[in-house]
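Please read the numbered points with the structure open beside them.

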Amino acid sequence: MTAIAAIELPNAPTLRGAIRAGASDLFYHSIRVVPANVVVGIGLIVAALAWVRVGPLPALLVVALLGVPLSGLAQLGANATRGRDVNLSDVLDPVRGRPVAVLAAGAGFTLAAFVLAVNVASGVLTGNVVAFALGTLAGWGLLGLFAVGYAFWPLLVDPERAGRPALEALRLAGLLLLAHPVRMVVLALLLTGVLLVSTILFASLLTVSVGFVLLVAARFVLPAADRLEAALGRMPTDVNVS
């Protein structure tokens with residue numbers, strides 16, 4: 001028996017189980033999730049107003065700064081997933097502990113999403129075959145970016161991976177997408193769908209939906225990453241996934 005075969009891998013997460021656990025986390029920790037979610041909602045309103053009145057650059061700057069509350073919501077999800085205490089003060093832990101990584105990630109994801117979205121829009125509106133093909137590729141790239149983003153934030157703040165470089169979290173998020181492309185894409189579509197529906201029902205976007213999305217992401221991504229790293233022989237198998 002090989003060494004890898006002898007490793008007892010964590011249970012594989014399921015989308016249904018992650019949604020159910022994320023909903024439970026939201027119910028029990030809503031008093032902590034809602035304030036951070038409201039900050040994100042207000043930031044989105046400010047970004048939209050800035051786009052209309054000033055232009056895209058100030059709006060993108062505001063969106064990039066939303067990496068701070070997003071990382072905080074991801075921290076709540078990671079703590080809940082690991083069975084640790086979940087406190088409102090945990091929301092500030094990521095930016096206090098690694099501000100450069102949080103701000104750089106927010107800026108990087110915002111810029112990448114903007115460039116890909118512009119390419120998608122150009123491909124649709126131009127009507128040129130080549131532009132349409134490039135827009136289609138950009139669309140797939142945007143979906144992949146969302147999948148990596150949903151994985152990255154919980155991995156960045158995972159207490160079981162404390163001290164690892166931010167680039168390692170990004171690399172592991174990419175490996176998850178390569179190892180489980182269908183499940184990660186379905187997760188990205190599902191969570192993005194929740195956000196889009198919440199945009200119509202704006203009160204939910206303002207209060208709970210972003211937090212719910214990151215709680216679900218943590219419940220799915222962290223066990224999947226533990227399982228992948230255990231299979232690769234890089235992660236201890238006694239990590240706590242409640």
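The points below go from the overall fold to single residues and their partners.

1. What kind of model this is. The structure is a predicted model, in which local features need pLDDT of at least 70 and side-chain atom pairs count only at pLDDT 80 or more, while totals for chains, interfaces and linings use all residues. Residues are numbered from 1 along each chain as its sequence is written, and side-chain values use heavy atoms, with hydrogens and water left out.

2. Secondary structure. The protein has ten helices and zero strands, where helices (H or I, at least four residues) and strands (E, at least two) are DSSP runs numbered from the N terminus. Read from the N terminus on, the order of elements is α-α-α-α-α-α-α-α-α-α.

3. Overall dimensions. Along the principal axes, the C-alpha atoms of the protein fill a box of roughly 60 × 45 × 35 Å. The radius of gyration of the protein is 18 Å, which agrees with the value near 18 Å for a compact globule of 242 residues; this radius is taken over C-alpha atoms, and the globule rule is 2.2 Å times the number of residues to the power 0.38.

4. The protein exposes about 12,100 Å², of which carbon and sulfur atoms supply 72%, the accessible areas coming from the Shrake-Rupley method with a 1.4 Å probe, and for residues only the protein chains shown count as cover. Of the 242 residues, 43% are buried, where buried means under 20% relative accessible area, exposed over 50%, and partly exposed in between (1.4 Å probe, protein chains only). Among the contacts with a separation of 6 or more, 75% are between residues 24 or more positions apart, a contact meaning heavy atoms within 4.5 Å.

5. A buried serine. S71 belongs to helix α4 (residues 67-81) and counts as buried because its relative accessibility is 0%. Which residues is S71 in contact with, leaving aside its neighbours within four places in sequence? They are P94, V102, W153 and V157.

6. Side chains of opposite charge can pair when their charged atoms come close. The whole structure holds nine salt bridges, each being a side-chain nitrogen of Lys or Arg within 4 Å of a carboxyl oxygen of Asp or Glu. One of these joins R219 and D25, with the closest N and O atoms 2.8 Å apart. R219 lies in helix α10 (residues 202-231) and D25 in helix α2, so the pair ties together parts that are 194 residues apart in sequence. R219 is buried at a relative accessible area of 14%, and D25 is buried at 6%.

7. R96 and D93 meet through their side chains in a salt bridge of 2.6 Å, N to O. Both residues lie in helix α5 (residues 93-97), three residues apart, which is about one turn of the helix. Here R96 counts as exposed, at 54% relative accessibility, whereas D93 is partly exposed, with a relative accessible area of 31%.

8. Is R161 buried or exposed? R161 sits in the loop between α7 (129-157) and α8 (166-179), and it is buried because its relative accessible area is 3%. R161 forms a salt bridge with D226, the closest N and O atoms being 2.9 Å apart. That pair links distant parts of the chain, since D226 is in helix α10, 65 residues from R161. D226 is itself buried, with a relative accessible area of 0%. The side chains of R161 and E229 are joined by a polar contact of 3.2 Å, a term for a pair of N or O atoms within 3.5 Å; within protein, one must be able to donate a hydrogen and the other to accept it, and residues adjacent in sequence count only if both atoms are side-chain atoms. R161, D226 and E229 are also among the members of a network of salt bridges, which includes R82, D158 and R164.

9. L65 and G106. L65 is in helix α3 (residues 56-65) and is partly exposed, with a relative accessible area of 47%. The C-alpha atoms of L65 and G106 are separated by 6.3 Å, although the two residues are 41 residues apart along the chain.
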